[in-house]
Amino acid sequence: MHEAPGHVAASRASRLQADVTPGVRIEWGRAESATGCTLDYAWYRPASATPGELVVLAHGFLRDKARLAGLARALAETGISVVTVDFCNTRPWRGNHARNGFDLIAVADRLEARRLVYAGFSAGGLAALVAARNDPRTLGVLTLDLVDARELGRLMVREFDRPVIGLFGEPASCNADNNGLATLAAARQARIERIAGASHCDFEAPTDWLCRALCEPDREGAEQRRAEILARSVTAVRSLLVE
């Protein structure tokens, strides 16, 4: 594993495992947050990836990196290096979204990234905005059904001079009635794409019974919508990497 720069320290050696996709391997590792807790990550590493380029994916509130494995694989299959991260500072009573954003930067530092796209689902999109706003290596941001909290995201995008692409589903309680739309409206360079009929769960790949129980009253067409979201996400990320 790489030596940990600055405040990020290695806690255990990584494991390497061949992925089911030829030419892509996954490296599991750990880094340490500035608060002292452990950040577990999965690094999807295509053999054809451009050195120094990295997409950092952030999961939603009280979720985990497994819920972004589908998007990580889809990106890696096109030759893009991707890391998914488990947050360690979130609590049921407090999201700690700003801290999560800096933890994403910590993982990017550990993997020695030089050109970055931050992306995230729901509150993970908020953490991605925090990371992007505070990391000069950022090329752009992708948010998936973004949920803002206490207008933190709006504050982050106000002076942010890189592109932000937001994919949104239908307004519902699980995405705070699309409050992320107002957040991106405050950005200098924002592009919004609506996915007709999409529930909050459609932006996870794979999702699970808990999200379905809370946020997906009707599963009809979910597989097709999820495939569309994955395809649009890959296109969005690729467009940001050429900025």
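User: What makes C37 and C88 a disulfide?

Analyst: In this predicted model, the sulfur atoms of C37 and C88 are 2.0 Å apart. The cut-off for a disulfide is within 2.5 Å. The value of 2.0 Å meets that cut-off, so C37 and C88 count as joined. A disulfide is a covalent bond between the sulfur atoms of two cysteines.

User: Which parts does the pair of C37 and C88 tie together?

Analyst: C37 sits in the loop between β2 and β3. C88 sits in the loop between β5 and α2. The pair therefore ties together parts that are 51 residues apart in sequence. The link is right-handed, with 65 degrees about the S-S bond.

User: Why is C37 called buried?

Analyst: Buried means under 20% relative accessible area. C37 has 18%, so C37 counts as buried.

User: How many disulfides does a search of the whole structure find?

Analyst: The search finds three. One of them joins C174 to C215, with an S to S distance of 2.0 Å. C174 lies in the loop between β8 and α5, and C215 lies in helix α6, so this pair ties together parts 41 residues apart in sequence. With -80 degrees about the S-S bond, the link is left-handed.

User: What makes C174 partly exposed?

Analyst: The relative accessible area of C174 is 23%. Buried needs under 20%, and exposed needs over 50%. The value of 23% falls in between, so C174 is partly exposed. C215 has 14%, so C215 is buried.

User: How do you know that C201 and C211 form a disulfide?

Analyst: Their sulfur atoms are 2.2 Å apart. That value lies within 2.5 Å, so C201 and C211 form a disulfide. The torsion about the S-S bond is about -105 degrees, so this disulfide is left-handed. C201 is in the loop between β9 and α6, while C211 is in helix α6, so the parts tied together are 10 residues apart in sequence.

User: Are C201 and C211 buried or exposed?

Analyst: C201 has 0% relative accessibility, so C201 counts as buried. C211 has 7%, so C211 counts as buried as well.

User: What is the pairing of the bonded cysteines, numbered in sequence order?

Analyst: The pairing in the protein chain is 1-2, 3-6, 4-5.

User: Why is H59 called buried?

Analyst: H59 has a relative accessible area of 4%. The cut-off is under 20%, so H59 is buried. H59 is found in the loop between β4 and α1.

User: Which residues does H59 touch, not counting residues up to four places away in sequence?

Analyst: H59 touches D64, K65, L68, V85, D86, F87, F121, A123 and G124.

User: What does the side chain of H59 reach at 3.4 Å?

Analyst: The side chain reaches the backbone oxygen of R63. A polar contact needs a pair of N or O atoms within 3.5 Å. The distance of 3.4 Å is within that limit.

User: What makes helix α1 mostly covered?

Analyst: Six of the eight residues of α1 are buried. They are A69, L71, A72, A74, L75 and A76.

User: What covers the buried residues of α1?

Analyst: The cover includes strands β2, β3, β4, β5 and β7. Helix α7, residues 222–241, is also included.

Technical notes: Residues numbered from 1 in each chain as written. Predicted model: local features only at pLDDT ≥ 70, side-chain atom pairs only at ≥ 80, totals over all residues. Heavy atoms only, no water. Buried < 20%, exposed > 50% of the residue type's maximum accessible area, 1.4 Å probe, protein only. Helix = DSSP H or I, 4+ residues; strand = E, 2+ residues; numbered from the N terminus. Contact = heavy atoms within 4.5 Å. Polar contact = N/O pair within 3.5 Å; in protein donor to acceptor, adjacent residues only side chain to side chain.
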